[in-house]
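Dear colleague,

Please read them beside the model.

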Amino acid sequence: MHDLVIRNARVVDGTGAPAYAGEVAVKDGRIVAVGPRVEGPARAEMDAGGKAVAPGFIDPHTHFDVQLLWDGAAKPSLEHGVTSIIPGNCSLSLAPLRAADRKAVVGMFQQIEELPPEAFTIAFEWTWEDWEGYRRALEKGLAINVAPLVGHSVIRVWVMGADANQRAARPDEIAAMQDVLRQCLQAGAIGLSTSFVDVDENARPVPSRFAQFAELDALCAVLGEFGRMLQIVPEFYDADITIARIDQLAELSLKHGIPTTYSPVFDNRQTPASVDRILGRSAEQFARGARVWPQMQTRPIDISFSLLRPSLFFARLPRWVRVLRQPLEARIASLTDPETVARMVEDAGPDGGERLMGRLVVRGGGEAPAHLAGKTLKEIADARGQSCALALIEVSLEHGLDVAFLSANGGHDNTDRIGPLLARPDVHIGAGDGGAHLASFATYGDTGYLFSEFVRGTGALTLEQAVAKITGETAAIWGLKDRGLLKPGQAADIVVFDPDRIGRGEERPIFDMPGDGMRYTRDSVGVEAVLVNGELAWTPAGYTDAKAGRICEMAG
Amino acid sequence: MTLTVQRRFVTPEPDETLEALAARALPDLPLEAAMDRIRGWNLHIFAMRKPRGLLLGGDVVFVEPPQS
């Protein structure tokens, strides 16, 4: 007897094959039958009402490492139909990590991924140092499947201590890193991540950036023993450097027989040729037999911020970053110091920040007056007879800094161009950054956005292609075992959704982080049920008590 | 499959200085000129980074100008 049969379904199986009217049977957490008609009785039945029934979506670029310790569903990812996530990207993971090194690594997480300090201090107990211990801590309450990467910077800290972000590693240290990586892979890590761009909370390059290529090569030799992924963050702001990184990845992929991926890759109106050059180089390397997957996000670059906390919006304005990283009292003192403010305005550009900040829109905030909501900073500045940069500072000060601004469509927003890029067979859809940049943007609903904009909107992908991109193809790229397809023997990770409605809700602030911390979120739209390993995990009525998530096993 | 020609680069050796890297990468140029060229072709290291010019083991260091 089946545990569950989903009837009246439009089966989209994750292979890209045409959808068809059919049924899906589940038993013991696995799919046991899929077809136009499933035989045999079932303990429970679900009527899909003719809606799409697809494999659960897989998100390959997240930073849910810490959130998973108190929220095993990685909310709200799961309600958007995501049933498997890959944390540990960008050289950062929470293991292996000695107690004495926690502060340093947490500082990196806070700086790079914009996570609040309370996320690391009040919501869980640190019970581990090695990867096996971290895995046990994770497994206590997973509602979503997790396929974690181990971070290169963290491995460096484990082996080299305080020297990790000071120097090249000695041969004995590289050998020790190989041993540690091997242990992590044996204990459930699915690959290695590294970064060539990130800095820590002291603005110093993260440890992975001090590694010689020979060190990375040695670590990739270990990945090659397992056939596992290397993920990197290249210097995505520069096409020439990104292409150099692609060539390095190709060398590593061919030499060690491993898949590699780099993220993010953005389309940009200012340099439209860049993305074509980058993807062209990847295609050349694929033709040589290398596996060098560019990860591209679906959504435009929208960044929200207030002066209550540092924001990546100011990444190219170091003085602003320095001021905003101060404790609140010192920050307000700086923002009311005429000399400091004059320099900040000067740094914003010869036009007083009009080009950089003029199109910012006030989106409200706890203390923001309603009459400002929806206005551009240029409109506000003109009305006040001030430069945009000065108006930004003074309006914020007048309302306790609690005025949120939105920088909308800061790139990657030309849907007519992006759709065909996402549809390319050599482009991997991902790079969402779920679980990070909490006060800057909500990545949740990137999957829904794929369908609303590029299936129903521009028609760049068919429904079946879009599903395959974020299910079967993703599982194959990463080597996830028994995930990503609706076929007998696969894990019963299933999403039921309305192809005519699926999308993403409006971005809105909520205060559900530890210490009542704020983050932006989006509600799911058009998702009707999510099953993880055969158990109903979410419906529009809410989350169930199911804790059926697993650490993903790897193929091969 | 022949790869298209892309901008050439090197990666730093352990503890390599700009002087040593410039001499290695551009041996036919006088040292000062070689260093100036390396600086000018690698603004991500010599202009955008704090501290400026800190050579990291993982760096891509271009040894020719951008292709037109």
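**Aromatic contacts**

The charged end of A:Arg245 sits over the ring of A:Phe196, at 3.6 Å from its centre, and that of A:Lys75 sits over the ring of A:Tyr543, 4.8 Å from the centre; a charge counts as sitting over a ring if NZ of Lys or CZ of Arg is within 6 Å of the ring centre and within 35 degrees of the ring normal. This is a predicted model, in which local features need pLDDT of at least 70 and side-chain atom pairs count only at pLDDT 80 or more, while totals for chains, interfaces and linings use all residues. Residues are numbered from 1 along each chain as its sequence is written, chains are lettered from A and ligands numbered from 1 in the order in which they are written, and side-chain values use heavy atoms, with hydrogens and water left out.

Over all chains, a search of the whole structure finds 19 aromatic pairs (rings of Phe, Tyr and Trp, the last by its six-membered ring, with centres within 6.5 Å; planes under 30 degrees apart are stacked, over 60 edge-to-face, the rest tilted). One of them, A:Phe305 with A:Phe405, is stacked, at 5.7 Å centre to centre and 25° between the planes. Because A:Phe305 lies in strand S14 (residues 303–305) and A:Phe405 in strand S16 (residues 404–407), both of chain A, this pair ties together parts that are 100 residues apart in sequence (strands are DSSP runs of E, at least two residues, numbered from the N terminus). A:Phe305 is buried, at 2% relative accessible area, and A:Phe405 is buried at 0% (buried means under 20%, with a 1.4 Å probe and protein chains only).

With regards

Note on methods:
Helices (H or I, at least four residues) and strands (E, at least two) are DSSP runs, numbered from the N terminus. Buried means under 20% relative accessible area, exposed over 50%, partly exposed in between (1.4 Å probe, protein chains only).
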